[in-house]
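Please work through the following exercises with the sequence and the coordinates side by side. Each task is followed by a solution that goes step by step.

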Amino acid sequence: MKMITRRGLFLLILIIAFIGGIGFLTYSVMSEGSKWVMMPYNSHLYYNGEMIGAGKITDTNGTVLAETVDGKRVYNESRTTRKSTLHTVGDTAGFISTGVQSVYKSKLTGYNALTGIYSVMKNGSGNDLELTIDADVCDAAYEALSDYPAGCVGVVNYKTGDIVCMVSTPSYDVENKPDDIDTNEYYNGAYINRLLGGLYTPGSTFKLVTAICAIENIPDIMSREFNCVGEYDPGKGTPIECNAYHGSLTFKEALAKSCNSVFAQVAIELGPEKLAKTAKDLGLTSAVSISGDISSLQGKFFLEKGDADDYVGWTGIGQGDTRIPPVAMLRLVGAIANDGKAVSYNLVDSLFNKAGKALDLDFAKRETQLLNSETAAQMKSLMRNNVMEQYGDYNYEGLNLCAKSGTAQIDEINSNNTAWFVGFMDDEKNPYAFVVMVEKGNSGSQTAGPIANKVLQALVNK
């Protein structure tokens with residue numbers, strides 16, 4: 001009797017352990033299965049470390065950017081398009097971590113916990129992904145950037161959040177990857193999407209942040225008269241040098257002329273705490289999420305209570321130690337255009353299985369109020385004045401542009417400056433915000449401005 005009882009107890013323990021093991025295995029498959037199946041040793045999805053089991057990727061016009069043909073991953077027939085869309089599409093080996101082929105590889109293969117990779121086994125490839133980018137516009141951006149060692153262009157619909165252009169250089173042809181890509185300086189940072197993964201001194205584009213802070217904290221800022229004598233001396237430390245001797249000017253004129261003297265003085269009056277709060281509220285120190293799964297770096301802003309006036313002044317004009325990813329500046333100007341509201345960004349338009357059935361992407365759309373609508377309206381007016389009075393509407397024909405340039409000084413050599421041009425079209429039919437950043441670009445308005453014009457003209461005149 002005791003023997004039977006012991007055996008029964010032993011069997012009960014075995015049954016409980018078996019059920020527990022089955023439960024753990026089921027949980028593991030449901031939670032980790034997509035990671036396991038996407039490992040490079042899965043020969044159904046990979047060949048020589050390159051993913052071959054993914055479905056087709058197209059742009060917003062249906063142009064094929066990547067697809068699997070006869071067990072091999074192939075890309076658009078245009079070399080320019082392959083290079084212009086590289087950082088969006090990504091590679092199949094995972095070097096470009098923010099590319100959709102890396103981020104959405106389980107969706108592209110059609111994996112799910114119930115059927116596994118049945119779609120790949122049956123059809124030779126998985127689900128098809130349609131992106132929001134326009135390959136023709138990306139080509140125009142890539143060609144405009146080609147004269148410079150590195151840079152990026154981003155264009156987004158500030159009403160919907162759809163990204164229509166995302167280009168980073170240097171790039172390379174994914175079908176003919178250079179043998180010396182890891183040793184040739186020409187390809188430095190070629191795996192990085194600079195729009196998302198680069199941190200840069202913002203230069204005078206940061207004066208938009210200082211202006212917003214001033215509008216919200218200094219009631220008479222728009223009626224004041226300032227005087228620029230070629231620099232602003234805070235009394236202690238290093239005087240903040242200006243780009244010219246501007247004389248008497250209003251705040252509106254100071255932004256158009258990008259007067260360092262005025263903006264340093266205003267920044268010091270505001271103080272480090274108010275500037276730091278504004279930078280945080282405007283999202284410059286938080287990551288920008290795209291389609292829920294792709295994320296930018298976080299910006300760096302170091303002002304705090306007790307900082308010296310000269311450091312506050314330099315920071316207020318966009319020099320100092322501030323570092324911002326270009327996409328964060330894109331989100332800010334898009335919010336200014338959209339009554340202060342920043343919409344969530346999207347890169348993926350739709351996902352279809354091989355039967356043509358649309359699949360749920362589960363992307364939550366959000367709207368964040370970065371600044372109040374009254375301040376946004378004032379900033380829109382100021383940025384429109386910049387173009388009319390400083391950059392010239394004739395240089396941006398038909399675009400009704402609102403913009404701000406920036407020239408971030410990296411060292412004593414002007415040709416090493418980081419050139420910026422940011423802004424938006426104030427146009428209901430073409431609600432596009434943009435950012436252009438060029439490393440070693442010399443001048444924001446003279447280098448990045450014309451690039452922005454070429455890209456936007458390509459977009460609106462299709």
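**Exercise 1.** Which backbone oxygen does the side chain of T85 reach, and at what distance in Å? Then describe the setting of T85.

*Solution.* The model is a predicted one, in which local features need pLDDT of at least 70 and side-chain atom pairs count only at pLDDT 80 or more, while totals for chains, interfaces and linings use all residues. Residues are numbered from 1 along each chain as its sequence is written, and side-chain values use heavy atoms, with hydrogens and water left out.

Step 1: the side chain of T85 reaches the backbone oxygen of T81 at 2.7 Å.

Step 2: T85 is found in the loop between α2 (79-84) and α3 (86-89), where helices (H or I, at least four residues) and strands (E, at least two) are DSSP runs numbered from the N terminus.

Step 3: T85 is buried, with a relative accessible area of 3%; buried means under 20%, exposed over 50% and partly exposed in between, with a 1.4 Å probe and protein chains only.

Step 4: leaving aside residues up to four places away in sequence, T85 touches L65, G90, I133 and C138, a contact being heavy atoms within 4.5 Å. T85 and S168 are 83 residues apart in sequence, yet 8.6 Å apart in space from C-alpha to C-alpha.

**Exercise 2.** Give the order of the strands in the open sheet of five strands, and explain why one side of β8 and of β18 is left without a neighbour.

*Solution.* Step 1: the order is β8-β7-β20-β19-β18, with antiparallel pairing; two strands pair if DSSP finds at least two bridges between them.

Step 1: β8 (163-169) and β18 (401-408) stand at the edges with a single partner strand each, so one side of each has no neighbour in the sheet.

Step 2: β7 is joined to β20 by eight antiparallel bridges, and A150 has E439 in β20 as its bridge partner. Eight bridges also join β18 to β19 (residues 418-425), where A408 stands opposite T418.

**Exercise 3.** Which residues have the most contacts inside the largest nonpolar core?

*Solution.* Step 1: V155 and L401 do, in a core of 124 residues, a nonpolar core being a set of buried Ala, Val, Leu, Ile, Met, Phe, Trp, Tyr and Cys residues joined through side-chain atoms within 4.5 Å. Helix α14 (residues 326-337) gives the most to this core, with nine residues.

Step 1: beyond residues up to four places away in sequence, L401 touches several residues, including M383, F421, F434 and L456.

Notes: Polar contact = N/O pair within 3.5 Å; in protein donor to acceptor, adjacent residues only side chain to side chain.
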